[in-house]
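Dear colleague,

I am handing over the structure below, together with notes on what turned up when I went through it. Please read the notes with the coordinates open beside them.

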Amino acid sequence: MPQHDQPVPQADHLQAPPYAVAVTGLGLISAAGVGVAESWSAVTRRTRPTGVRRPEVLAGLPTDFMYLVDDDPAQALDVAERRLTERFAQLAVLAAREAVADAGLDPADPTQWDGQRVAVLIGNANGALPLYDAQHATLLERGHRRVSPMLPALFNSNCAAAAVCRDLGARGPSMAVTSTCASGADAIGLARQLLRAGMCDIAIAGGAESACSRMLMAGLCKTRALSTHRQDPAAACRPFDAGRDGFVVGEGAGLLVLERPEHARARGARVRARLVGYGSSNDAYAPVAAHPDGLGAEQALRGALAEAGVTGADIGHVNAHGTATVMNDQVEAAMLRRVLGEQALVTSTKAMTGHTLGAAGGIESVFTVLALEHQLVPPTANLDSLDPDIPVDVVAKEARPARFDHAVKTSLGFGGHNAALVFARA
């Protein structure tokens, strides 16, 4: 196994005036709520997830619950679209519609929407695993002739990006970004690079996931990464808490509308925040575990700070990856303290949404932008007793008002994937 015996470079060679992509729209759907307003209210007030379910598909597993979207918002889609998409793609379409409307854009108006200049990048870790489970059962029980001919099209991770493109008439670059739990953050960072390169004027970027799959959940149970807090599933996800025992899988979609600053300015768009830095790396260490010293995550964060032209001392808030697994929380917190110092207010919103896997970076970026906009850091729900080995200021109990101009979103994923985004106040 490679040895990481060299210090992480400070990335000073990357210093340059930051390219400030405009964040003009937000769309969100998760166990915390349907829509941005409902979700933000839930995480700031610590309303417990209402979407806790014990689907029959999970019966008998050590963890038989997930944080799912409370109702079926896909009813807003027409019947044909529901037949042509799986749930994770449906959630992406709904979040994209909200984000585009929030940005004040009308895809039906050619004076403000040139589809050839609109990119869509959606992170996803698992594709349509529930469909795969169902079709595998059909193959075994009824034979190959009964397998759906749509399986190859609907199973792929690109299904969400393709569905959003069809729904909105976006004909620019379209990509499914797959870097496990860093997928959503990487999609946003890569969208920034496309805008900077002039390949599009508008980008819809983030993540979408719906992985209520017996196969996936069984595998995660074997890794012992999931909470088994069956007696109170809504309180099971406890990031940074001394009594945490793993994460709860969630579903949802979180998307941002990003624009080249000139484009946003020309149309008089409301700018909710600016995306000024992106860093990405890999630990090159292990298939599941993060590097115990957090060197890959540190590399990604330092790269994002350098690209943004700021230092760790300039960061007032971090929406952390914060999965509620013992080792990862400690590794991430130690890295944050090392790079940012002690002033940054840290939170993990996964206690409300669950760990939405490939969607996490998108959903949590929406919360990061809202925290900047409202100058309010949401609390880490279910945090009753801070682990003494967590050396950062984790916000708990109540949302905390604060004044800060820059905030960070960090994402760490299976396979050693790391991503960091730096947002600035508009």
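Predicted model: local features only at pLDDT ≥ 70, side-chain atom pairs only at ≥ 80, totals over all residues.

Residues are numbered from 1 along each chain as its sequence is written, and side-chain values use heavy atoms, with hydrogens and water left out.

**Nonpolar cores**

In soluble globular proteins, nonpolar side chains tend to be buried together. A nonpolar core here is a set of buried Ala, Val, Leu, Ile, Met, Phe, Trp, Tyr and Cys residues joined through side-chain atoms within 4.5 Å, where buried means under 20% relative accessible area, exposed means over 50%, and partly exposed covers what lies in between, with a 1.4 Å probe and protein chains only. The largest such core has 48 residues, and those with the most contacts inside it are V23, L26, L256, L258, L275 and F423. Helix α13 gives the most to this core, with seven residues; helices (H or I, at least four residues) and strands (E, at least two) are DSSP runs, numbered from the N terminus. Leaving aside neighbours within four places in sequence, L26 is in contact (heavy atoms within 4.5 Å) with V36, E98, A99, D102, L255, L256, R272, V366, V369 and L370.

**The contact of α7 with α13**

The axes of helix α7 (residues 183-196) and helix α13 (residues 360-374) come within 5 Å and cross at roughly 70°. Axes are lines fitted to C-alpha atoms, for helices over the stretch in contact, and angles run from 0 to 180 degrees between N-to-C directions. Angles under 35 degrees count as roughly parallel, over 145 as roughly antiparallel, 65 to 115 as roughly perpendicular and the rest as oblique, and α7 and α13 are therefore roughly perpendicular to each other. On the α7 side the contact is made by G184, A185 and I188, and on the α13 side by G361, G362 and S365. By class, this contact has two nonpolar, four polar and no charged residues, with Ala, Val, Leu, Ile, Met, Phe, Trp, Tyr, Cys and Pro counted as nonpolar, Asp, Glu, Lys and Arg as charged, and the others, Gly among them, as polar.

A search of the whole structure finds two aromatic pairs. Rings of Phe, Tyr and Trp (its six-membered ring) pair if their centres lie within 6.5 Å, and planes under 30 degrees apart count as stacked, over 60 as edge-to-face and the rest as tilted. Y132 and F155 form a tilted pair, at 5.3 Å centre to centre and with 35° between the planes, and this pair links distant parts of the chain, with Y132 in helix α4 and F155 in helix α5 (residues 151-155), 23 residues apart. Y132 counts as partly exposed at 40% relative accessibility, and F155 counts as partly exposed at 27%. Helix α4 (residues 129-142) also holds Q135, which is buried, with a relative accessible area of 13%. Beyond its neighbours within four places in sequence, Q135 is in contact with R146, V147, S148 and L151.

**Residues in loops**

Most residues other than glycine have a negative phi, and most peptide bonds are trans. R224, in the loop between α8 (214-223) and β8 (252-259), has a positive phi near 65° and is exposed, with a relative accessible area of 75%. A324, in the loop between β10 (317-319) and α11 (326-340), also is not a glycine and has a positive phi of about 80°, but A324 is buried, with a relative accessible area of 0%.

P173 is found in the loop between α6 (159-168) and β6 (174-177) and counts as buried at 18% relative accessibility. Leaving aside neighbours within four places in sequence, P173 is in contact with V118, A119, V120, L194 and M199. M199 itself, in the loop between α7 and β7 (202-209), is partly exposed, with a relative accessible area of 46%, and touches R117, P173 and L194, not counting residues up to four places away in sequence.

With best regards
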